[in-house]
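This report covers one chain, taken element by element. Please have the sequence and the structure at hand while reading.

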Amino acid sequence: MHEFSIVQSLMNTIEEHAARQDAQTVTRVVLRVGPLAGVVPHLLKTAFDTFKDRTVAEIAELVIEMSPLELNCRDCLQTSATDTVRFKCPECGSLNVEACEGDALMLERLEMEVPDGPA
Ligand SMILES: [Zn+2]
């Protein structure tokens, strides 16, 4: 499943970040997902819950923030955000548009518990 490979590489990224910060526990993982990324949020959560066992993110909650789709219009040069996947410029009605970063899937934020320095 697509989502499993995404989460697998996400886990590597999370573990790297946690190691760099000396964090022992990741409590929250915020992902930003573009509407064209082709992922199903609940499958992503299922995959996350499967992979997080015995990792630093074992108790972490996965939060998925969907980005609006942004369209660049080649006719009126406006950039518009739209929440529907419809390739039409809301400003001038042109179909001569391109989506920008609609397929983004990125780690937006990690919340971790970092122990206070050496006792
Ligand atoms: Zn336009």
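## Helix α2

In this predicted model, the buried residues of α2 are Leu44, Ala47 and Phe48. Viewed down the helix axis, the buried residues of α2 lie within an arc of 105°, so they line one face of the helix. His42 and Thr50, on the other side of α2, are exposed.

What do the buried residues of α2 pack against? Their partners are α1 and β2. Leu44 shows this residue by residue: apart from neighbours within four places in sequence, Leu44 is in contact with Glu3, Ile6, Val7, Val39 and Ile64.

## Nonpolar cores

Leu44 also belongs to the largest nonpolar core, which has 17 residues. Val7, Ile14, Val26, Val29, Leu44 and Ala57 are the members that touch the most other members. Three elements, α1, β1 and α2 (41-51), each give two or more residues to this core. Which of them supplies the largest share? That is α1, with 5 residues.

A second core is separate and has 5 residues. Among them are Leu69, Leu71, Cys73 and Val97.

## The sheet

The order β2-β1-β6 describes an open sheet of 3 strands with mixed pairing. Its edge strands are β2 (61-66) and β6 (105-113), each of which pairs on one side only. On average, neighbouring strands in this sheet are turned by 20° against each other, direction ignored.

Strands of a sheet pair through backbone hydrogen bonds, in either a parallel or an antiparallel sense. Is the pairing of β1 with β2 parallel or antiparallel? Strand β1 (residues 25-33) and β2 pair in the parallel sense, over 6 bridges. Within these strands, Val30 stands opposite Val63 in β2.

Helix α1 (residues 2-20) lies across β1 and β6. The helix runs at about 40° to β6.

## Confidence

The chain has a mean pLDDT of 89, with 94% of its residues at 70 or more. Where in the chain is confidence lowest, and where is it highest? The lowest mean, 84, is that of strand β5 (residues 97-100). The highest, 95, is that of β1.

Key. Residues numbered from 1 in each chain as written. Predicted model: local features only at pLDDT ≥ 70, side-chain atom pairs only at ≥ 80, totals over all residues. Pairing = 2+ DSSP bridges. Helix = DSSP H or I, 4+ residues; strand = E, 2+ residues; numbered from the N terminus. Axes fitted to C-alpha atoms, helices over the stretch in contact; angles between N-to-C directions. Contact = placed C-beta atoms within 7 Å. pLDDT = per-residue confidence, 0-100. Core = buried A, V, L, I, M, F, W, Y, C linked by C-beta atoms within 7 Å. Buried ≥ 20, exposed ≤ 12 C-beta atoms within 10 Å, placed from the backbone. Arc of directions from axis to C-beta.
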